[in-house]
Amino acid sequence: MGVIEAPVTALAITETVLLAGVGSYIKFYDLPGRKLSHIKKVFQTSVVHGIKIFKNCGYSLAVIFGNKDLQIWTQTVTEGNAVLHFECDFNWRASDWIWDAILLYSDNDRKSYNLAAVALGHNVISLVDWKSGVKLKEIHCEEKCIIYSAHFINEPRPTWKTLTLCSGTVFNQVVIWRPSVVEDKSNVSKVQERIQAHDGVIFDVHYDLDCGFLLTASDDRSIRVWHCKGLNNPSTDSNCVKSHSDTKLISKLYGHESRVWKARFIKIDDEGYIISIGEDGYCIVWKMLKSGSEHGEYQYDWHIVKKMKSHKGRNVWSLSISGGCLATGGGDCGIRIWRLNDLIENKVTVTKHPLPEQLQNIGVIKSVHMCNSNTVLAHTDTGVLLKFEVENAAWNILQCSDNVKSYAIMCVCSDAYTVAIGNTKGVVTILMLDRCWNNVRYMTSVKSELADGKIHNLTWECNGAKTFLYVSGINGIFMLYCIDTIQLSVTEMELWYLPPAKHRWHMGALLVNDKHASYVVCGDRRGSLHLYKAGLEEPVHTIHGLHGKSGVTSITRIGDTIFSTGRDGIWRKLHVDSCNQKIKILKQNRAAQGMDWLESVASLNNDSNQISVLGFYGRNFIIWSSETGDTLFSVECGGGHRDWTFSSGINNTAIAFLKESALHIARANRNVLVENSVLQPNFHAGQITSISHIASWIGEDGVEPLTVFATSGEDTKVYISLCRKIMGRHQIEKLHLLDDHISNVRTLTSLMKEDSECYTKSFLFTGGGRASLNGYCVTVHKNACTYKQICDVEHKCSFSLNTDKKIRGVLKKGIDPEMRFMDIAAWCEQDTILVASACSDGVLRIFWLDTNCETIQQLCQSLPMSNCLLTVQTLPVSSRRWIVTGGTDGFVRLWNIEEDNGRKLVQKTALKQHMSGVNALHVLPTPFPSQSSASMLVVTGGDDNSVHISLLLYEDTLIRILRHCEVEKAHSTQITGLRFISPRNSDAIELLTTSIDQRITRWTVSLADNNFDMSFNSSCITSISDVSALEVWGSKNSLNYAICGQGIQVIDPY
């Protein structure tokens, strides 16, 4: 079966297990252990859309349905295993789409569930005896129409006589009817009530028995709450048709930005709440406010207590609430689970703490630092250092100095007890406080003879047992001091100079120790990064303007990794190459959209591989999770130009900032840097456009294979992932996120450079919209101790196609927004890597990458054609490098790179293979031993659903077609992927094809007695919709392949 990651379309929580519908599979998650327990295939082709749990005589029954299929599972008990297991007892296929299902007691036996009622797509209810497998009856509603939703009212002990269905019709109405109330054995039931509910399609209907509320969710972006008086005690009179006055609309809720998929009512501590999910990716918690009126009727109002982007991209598809927990499943393949009390109580309180009247004469606070959640240090413009106790709201003066009046810059070390204060005369005062922050136990001042002027910035670093202070003075002077907090001494270690700039001071620095020398990574106000070496005044390496003109904001070390942040909205992962004395940018990532002012990064869950970003979004200070995309903490503070400080403890989070010349403290009652809501990590938020295999090897156990591959998607992201087997089950673990593209990443390809027993080094190229191409070096360590250390990624190069434009008479360069890289292929020529790209403007472009200089440049290009190029492949045949392309005109073209006053592309031939676009292409040297070594095999799949195979021969500067065969209706829809999978030197070769129709088909291509034929072998169905790409790796005896589209499925050896 392999592994599947696809949109989570159904969820159900039962006891300590969560069941998730993923494609045609059910995944079982152990909630106490927060891990995947096992996975089970439910349907052959249908996608699971609903899971309902029923308690029956001490054990659980699960009703699972999707499309036209329904199964009923019975809980089984396994000794010594706390995880619930289910076995299928009933499998049934209906005649129409299933919208809802419920288990019923028989009228004569109310001890166990014997019957099942199923709501079908044309407002029909089928009654089935699921224990005997017999359909008993089928009742039609008099409102014969297509319905988009249905809900059975689940009473404590439901029977056929008490069964009521609420269905959302195509006419934007909710129709309420009872299948047991029919006339003259006609199998047609009258409508008991109609509700003109919405201005759009009704996607969800749900009735709550306890409060009598009927919730409807619609295409019009609203949730409507209705009070239905009679649904708790339905009438058995067939002539009783209720009037509209029996149901009253009490509220309209607008909060979603797009269609609303589901809404559920729940009570928590006697308070009413609604949980809703929608197409916009948000999960919203609404609180009910109930008040009386003059007429004795209650008035209801609802306000949003929590609106969270629970899943990346669009669509939260599934929702389950049970046992005080809320679980959601999204189109990003992720599952999130929260305690409802945590969501409701997660409030941020802001308090203002101005200076008391007796301290009004000490000036205005200019700098603050939060030592812990209860202690804040503050410095005024008159040189007074203050301590503020949050719990007691008490201010105390610690120290006064006339040397820092009118201007001072304060920086507190991470140990919270060592303070540095700089003034306009180049003097830095260092204070060491006691453990209660009540007294100054040591004070000294330092000044360099060359820094006789304003101190622009101070930063601290605690590196092991040593504490370092970095000081920026006038004329770019950059100094390093070592502070001994035990011996109470200060030593000047280094003096450097920053390169000339308008704003010439550092914003962050870190010491990097090597075996032979010590280096300092420094980021300045100009946005540049510098590498300084001990003993040298000038930087040995500089990356100018990396973070833009607004400057670097921090240099941070998390674990063994160095990060830089800036006001360009990007945080970068850095590495110091001491051998070449360079700063290398391993990768860069963007924070939330609109979050352009980043201040720092911090680890999530004490894991150096999970990063949270601290910064500003407009007037708000926010903490953003790079793992989930959530805003973990947000408070309006006025913007990033204000002084601020952040602290997090075990059960609290706080930020202190200055606003209106007063200290403000915002506090949350939990540590926001501990994020435990992720049960299943998300994958791509949308269509996966391409996949490329990087490396495979056998693990340390000598049995289980491990595979590293890369995927790209419409969400502008590239993931490098590991597929491995854990406790007998395959799982996909994300290793790296590459976030260098600003538009859809259309294609990627990998090229292996080195392969040994210990490691594999490959180059990965990604291309997509906005004419952007990126190159990376991916090193896979086969003997890594943990899976997170398996892979290292280094960003090597970028290329953007520039177009010259005149703006107000000035010639400026910009990126062509129209051109897209549709497909790329790479190969090696000595120390140079060449990349062929099929472009949307009808041009075939060749790039070359010098691996030593780490630059990518365009080598040559073809003349533009009138059609878009969709695919490109390359292969060597008879000492020639052939480049094969396919376009939207159905032609396959063969090209050579020839030397003629420089390199240029020459088209050798063009073959009309398809009526329209060539979506899939694969080429290889002929595998048939009877054919010349100068021949090649070309297979294509197109929009016309056909597969064409041509055997070509190159001789005497001409290309001849030796053999050709085709299958016109290879699939029922357009073909999106194909690959030859058999070894060479055989008279028969196998071909694998995929299509939008979700079929994976295996063909046999044979050449015997001058007969060139393609015959059907076998076919299977994948659970991945909108299939866009296919990747194959391994040998014939251990063949793996992966299908990607709306999700990814990696299938075990064929």
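Strand β6 is joined to strand β7 (residues 59-66) by 7 bridges, and the two run antiparallel. Strands here are DSSP runs of E with at least two residues, numbered from the N terminus, and two of them pair if DSSP finds at least two bridges between them. Keep in mind that this is a predicted model, where local features need pLDDT of at least 70, side-chain atom pairs count only at pLDDT 80 or more, and totals for chains, interfaces and linings use all residues. Residues are numbered from 1 along each chain as its sequence is written, and side-chain values use heavy atoms, with hydrogens and water left out.

**The sheet**
- I51 sits opposite I64 in β7.
- An open sheet is formed by 4 strands in the order β6-β7-β8-β9, with antiparallel pairing.
- β6 (50-56) and β9 (85-93) are at the edges with a single partner strand each, so one side of each has no neighbour in the sheet.

**A look at T74**
- You'll find T74 in strand β8 (residues 69-76).
- T74 counts as buried, at 14% relative accessibility (buried means under 20% relative accessible area, exposed over 50%, partly exposed in between, using a 1.4 Å probe and protein chains only).
- Leaving aside neighbours within four places in sequence, T74 is in contact (heavy atoms within 4.5 Å) with residues including Y59, L61, F86 and D89.

**Cysteines**
- The structure has 0 disulfides, a disulfide being a pair of cysteine sulfur atoms within 2.5 Å.
- C166 is in no disulfide, and the nearest cysteine sulfur, from C228, is 7.0 Å away.
- C166 is buried at 0% relative accessible area, while C88 is partly exposed at 34% relative accessibility.
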